[in-house]
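Trainee: I am new to this one, and I would like to learn how to read it. Could we look at it together?

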Amino acid sequence: MSARHFLSLMDCTPQELANLIRRGIELKDLRNGGTLFEPLKNRVLGMIFEKASTRTRLSFEAGMIQLGGQAIFLSPRDSQLNRGEPVSDTAIVMSRMLDAVMIRTFSHSTLRIFAENSRVPIINGLSDDLHPCQLLADMQTFHEQRGSIQGKIVAWIGDGNNMCNTYIEAAHQFDFQLRIACPEGFDPQPKFIAIAPDRVQIVRDPREAVAGAHLVSTDVWTSMGQETEEEDRLARFKPYQVTGELLDLAADDVLFMHCLPAHRGEEISLDLLDDPRSVVWDQAENRLHAQKALLEFLIEPAYHHA
Ligand code: CP
Ligand code: NVA
């Protein structure tokens, strides 16, 4: 199978990622300028969501429509996946009808099986391991506001989860230093740290991680699928709340990001999203523009009619 997939930031070269960020900014300008740009006319994206979503579904669906194509939403509850049809068979069939497939799933291996059996690009819309589309939006947002992130200090506060793992990949691909502050027992998996051992530092004190940082990011303490652990996690993560006072320890021009949805009063103080250093709404909007760049990159131009 020769299609290009996007399961991880590591599926692209640093140059390709830089081009995607630049292209996301261009596509944003085109849209904001009212220019119609429809290179994916007649192209169809399939979307499978095994977990809930607001931003990912909206941005892929709206993005395909804006590029001249369509997106089809499949809930596993209503498809034959729920009745035991193998992922591999589903991938073969879907890839014969569609031009790309986006999947939000639990096990990262589901994405791999899909990719191994697909003729068309497979896009990771979040797995338990990684959320690479979110990082495209985060990197675009930083670039728009502050220029290159190369050599900057990024602080990740909280859980060593799928977002944290993807920040490690980003540290490697975009060449920044990443300080991760998480409670013991919630470190990112060693296989991710091994991607960028020279760029990643794990600390326990959020203040140490944030000192002088140019970007501070966090995420929910209980990710989708971990609901039974919520009570324990609330107690363990309490010292890891990001507040305005914590951001005061960072660089003067620090940006605060959160992939959203946020739980005000848990991982962030009640008013943090209103802090002038927070860019979460631009970050959310950039899911649309960054993923349009990704779709344009992955899906071949529309058929040419004689
Ligand atoms: N950040 C993000 O992926 O949001 P959704 O869960 O709403 O898609
Ligand atoms: N870590 C969160 C991210 C949601 C966008 C989760 O996996 O639920």
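Trainee: How do the residues of the shell around ligand 2 divide into nonpolar, polar and charged?

Mentor: Ala, Val, Leu, Ile, Met, Phe, Trp, Tyr, Cys and Pro count as nonpolar, Asp, Glu, Lys and Arg as charged, and the others, Gly among them, as polar. Here the shell has five nonpolar residues, three polar ones and one charged one. A word on the background: this is a predicted model, where local features need pLDDT of at least 70, side-chain atom pairs count only at pLDDT 80 or more, and totals for chains, interfaces and linings use all residues. Residues are numbered from 1 along each chain as its sequence is written, chains are lettered from A and ligands numbered from 1 in the order in which they are written, and side-chain values use heavy atoms, with hydrogens and water left out.

Trainee: Which residues surround ligand 2?

Mentor: A residue is near a molecule if one of its heavy atoms lies within 4 Å of it. Around ligand 2 these are L126, N161, N162, D219, V220, S223, M224, C259 and L260.

Trainee: Which side chains have an N or O atom 2.6 Å, 2.8 Å or 3.4 Å from an atom of ligand 2?

Mentor: For D219, the distance to a nitrogen atom of ligand 2 is 2.6 Å. N162 has a side-chain N or O atom 2.8 Å from an oxygen of the ligand, and for N161 the distance to a ligand nitrogen is 3.4 Å. Taken alone, ligand 2 exposes 270 Å², of which the protein buries 94%; such areas come from the Shrake-Rupley method with a 1.4 Å probe, and for residues only the protein chains shown count as cover.

Trainee: Is D159 buried or exposed?

Mentor: Buried means under 20% relative accessible area, exposed over 50%, and partly exposed in between (1.4 Å probe, protein chains only). D159 is buried, because its relative accessible area is 4%. E16 is buried too, at 19%.

Methods: Polar contact = N/O pair within 3.5 Å; in protein donor to acceptor, adjacent residues only side chain to side chain.
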